[in-house]
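Hi everyone, thanks for coming.

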Amino acid sequence: MRIFLLQQLFLWVCMVVVVVLIAFLPRDLVFVSEEYETYGIATMNMQLYGERLSEYVAMIGAGSLGENRYGTSVLVDLHLYASRSLQLIGIASIIAIFIGTAKAYFDTRYKGIFARSSRKIGQGMQALPDFFIIIVVQMVVLWLFRQGFPQFSLYGNEDLSSFLFAAVLLSLFPSMYFANIVASTLESEEGSFYLIAAKGRGVKKSVLLIKHQLANALPSIIQQIPIMFMYLLSNLLMVEFLTSFRGAMYRTYQAMGFQETSLESLPNQFYIEEPVIVVYLTFFISLGFLVNIGSRVMTEIVTRRRLS
Amino acid sequence: MSGPSPGSTKQVNTEPPMPEAKEQKKSYSPTKLIVKRFFANKLAVAGVFMFLLVVIFSFSAPLFVEHDPAQTNPLNTYAEPSADHWLGTNSSGQDNFARLVYGGQISLQVGVFIMLIVSVIGVVLGSISGYFGGWIDSIIMRVTDLFLIFPFLLLVLTVVTILQNVNVAILVITLGLIVWPNITRILRGTYLTLREREFIYSARAAGATDLRIIMKHMIPNAIGPIIVNATIIMAQMIILESALSFIGFGIPAPTPSWGAMLNEARSLNILTGMPWAWMPPGIMIVITVLSINFIGDGLRDAFDPKSSRK
């Protein structure tokens, strides 16, 4: 475990260094105007690169992580947006694990046409673009509103309904992934001697599935949580983007030069906030590492408990 | 395929399929057996058929598309479908049908070229890492760890942001340089098994050079995982390109792209009142990706019949 933690720490440090090196790549912008548009051409400048990196390192040495474009500390910025995203991620993870496990139980417990269709839908959904599914879900909900369905807020991050709607959208793909993993793991247990013996004793299939198969497959399932988490982080950008949820991913996207409206007097794409990008990417990387470590610790605990 | 029985990997067993009783009588070669198994898979054949339709639809555009996909017309924005504009026009007055057809060319080109780049990098690094092992393997694996742990979309976005002015070539090269770790890992796993096989020892004893062993024995026996993973990567890259274009970080306007067309659906009026503007590109992405996935599943089952899901 100690070696694993050291490896994770080493990888984390490497990742953060890579992020800084990428974010501060020299972009000596030259603006070119052609007919109706003005665009910037970035050229590499190694001297500028060195200067920017040394300035950033000196700033960190002085105890600051930098400021955003409005002159606010990046940490204050992070606290505001990341806390929203963390709540969203937390709720979506719970929904994904709950729905994923329930769907896997249904797929494994029953062999009829509904269970087979449910499994096919789960596998097929993973091949579809997440943003297209989210758009279709939004369209269906808006159509339901027009048919007299009780209305609730879909966009933004201030209402509970929009918050839950974003969490449900975020959990769609991870829950399908988790269901597939749990179902496969449960199936891999089938044919084991303990199951044959339990079936021989007349134990109900539902009891067998939950009390024996699921319990025995738990270490393998927990090991898959970091991958599910990666799905969740990847989908987070699309969900925050499409539901106008002002979270950490949206803020990162904004810091990268996202131009929300063409009415802005100056294009946002030239205002890339490097310190914001570095801090937010470090935040997401750290989340990934924490989930990785948590999954490893949980696997060890569950395995030890089973052996004892 | 040359060489005796190869080993197995996590994803695809590279072992040539064991001929069944009837097939043994006809004595098919391993390649013919794979082709036969592939075409016996109805979904895979449907996938090939769907994919060919998408390719023909996209690349025969000049034959049946009258409008220039980049041509704007401020006097004819948000037009409804008509005989002149089959899918109406977008917010810039560009013909949606022309953009749909030409957008397919971009998606397919991006998918194919990234697949080629990733396969080449993956095969080279996977071969070096899996065959030689030791410190070079450790270095390559730590670098792949770095890439695999990073939230993929964020990494792509960061690089694209830094590069500015992205065109198709830059996007393809960027994505190719970011996506290689998966295939490298899988190939390394295959090679670790293969290099301990008797036929590799025999080749070494016969004086074959490392390069010859890799080219003549390792790669042909790892061709299954390479092809299957290449199809998976192609499908993923088509989705990724459309996702990047959708959020405005992909191929810039006026180049048509399915993802950019879907971006119109961010407007509530278009989302609810003009489905013809955003549904077709979404459906085209789904059809293309599903067809490639069906082909990939068919290839996986053809190379390794034991892997088929019931």
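This is a predicted model: local features need pLDDT of at least 70, side-chain atom pairs count only at pLDDT 80 or more; totals for chains, interfaces and linings use all residues.

Let's begin with confidence: among the elements of chain A, strand β2(A), residues 37-43, has the lowest mean pLDDT, at 65, while α3(A) has the highest, at 92. Chain A averages a pLDDT of 84, and 92% of its residues score at least 70. Now find residues 261-267 of chain A, where pLDDT stays under 50 and the model has two contacts beyond four places in sequence.

Okay, the overall layout. Chain A has 11 helices and two strands. Chain B comes to 15 helices and zero strands.

In chain B, 53% of the 310 residues count as buried.

One more number per chain, about how the sequence folds back on itself. Take contacts between residues at least 6 apart in sequence: in chain A, 71% of them join residues at least 24 apart. For chain B, that figure is 70%.

**Inside the core**

Let's go inside. The largest nonpolar core has 148 residues, and those with the most contacts inside it are Phe284(A), Leu244(B), Phe246(B), Ile247(B) and Trp278(B). Which element gives the most to this core? That would be helix α6(A), residues 160-189, with 14 residues. There's also a second, separate core of 14 residues, which includes Tyr191(B), Ala203(B), Ala222(B) and Ile226(B). As background, in soluble globular proteins nonpolar side chains tend to be buried together.

Click on Leu244(B) to see who surrounds it. Setting aside neighbours within four places in sequence, Leu244(B) is in contact with several residues, among them Leu153(B), Val156(B), Leu157(B), Leu171(B) and Leu175(B).

Now try Ile285(A), which is found in helix α11(A), residues 274-307. Is Ile285(A) buried or exposed? Its relative accessibility is 2%, so Ile285(A) counts as buried. What does Ile285(A) touch, if we don't count residues up to four places away in sequence? The answer is Trp12(A), Met15(A) and Val19(A), plus Phe150(B) and Pro151(B). Look at Met15(A) in particular: Ile285(A) and Met15(A) are 270 residues apart in sequence but 7.7 Å apart in space, C-alpha to C-alpha.

**A helix with two faces**

Next, zoom in on helix α4(A), residues 113-125. The helix has 13 residues and reaches 18 Å from its first C-alpha to its last, close to the 18 Å expected at 1.5 Å a residue. Its buried residues are Ala115(A), Ser118(A), Arg119(A), Gly122(A) and Met125(A). Look down the axis of α4(A): the buried residues fall within an arc of 135°, so they line one face of the helix. They pack against α3(A), residues 74-109, and α6(A). Turn to the face pointing away from that buried side and you'll find the exposed residues Ile113(A), Arg116(A), Lys120(A) and Ile121(A).

**A few loop residues**

Last stop, the loops. Most residues other than glycine have a negative phi. Ser244(A) isn't a glycine, yet it has a positive phi of about 55°. Ser244(A) is found in the loop between α9(A), residues 225-242, and α10(A), residues 248-255. With 24% relative accessibility, Ser244(A) counts as partly exposed.

Over in chain B, Tyr78(B) has a positive phi near 50°, and that residue isn't a glycine either. Tyr78(B) is placed in the loop between α4 and α5 of chain B, and at 38% relative accessibility it counts as partly exposed.

Asn90(B) lies in the loop between α4 (61-64) and α5 (96-132) of chain B. At 6% relative accessibility, Asn90(B) counts as buried. Leaving out neighbours within four places in sequence, the contacts of Asn90(B) are Thr77(B), Tyr78(B), Asn96(B), Arg99(B) and Glu264(B).

Methods:
Residues are numbered from 1 along each chain as its sequence is written. Chains are lettered from A and ligands numbered from 1 in the order in which they are written. Side-chain values use heavy atoms; hydrogens and water are left out. A nonpolar core is a set of buried Ala, Val, Leu, Ile, Met, Phe, Trp, Tyr and Cys residues joined through side-chain atoms within 4.5 Å. Buried means under 20% relative accessible area, exposed over 50%, partly exposed in between (1.4 Å probe, protein chains only). Helices (H or I, at least four residues) and strands (E, at least two) are DSSP runs, numbered from the N terminus. Contact means heavy atoms within 4.5 Å. The expected span of a helix is 1.5 Å times one less than its number of residues. The arc is that of the directions from the helix axis to the C-beta atoms. pLDDT is the predictor's confidence in each residue, from 0 to 100.
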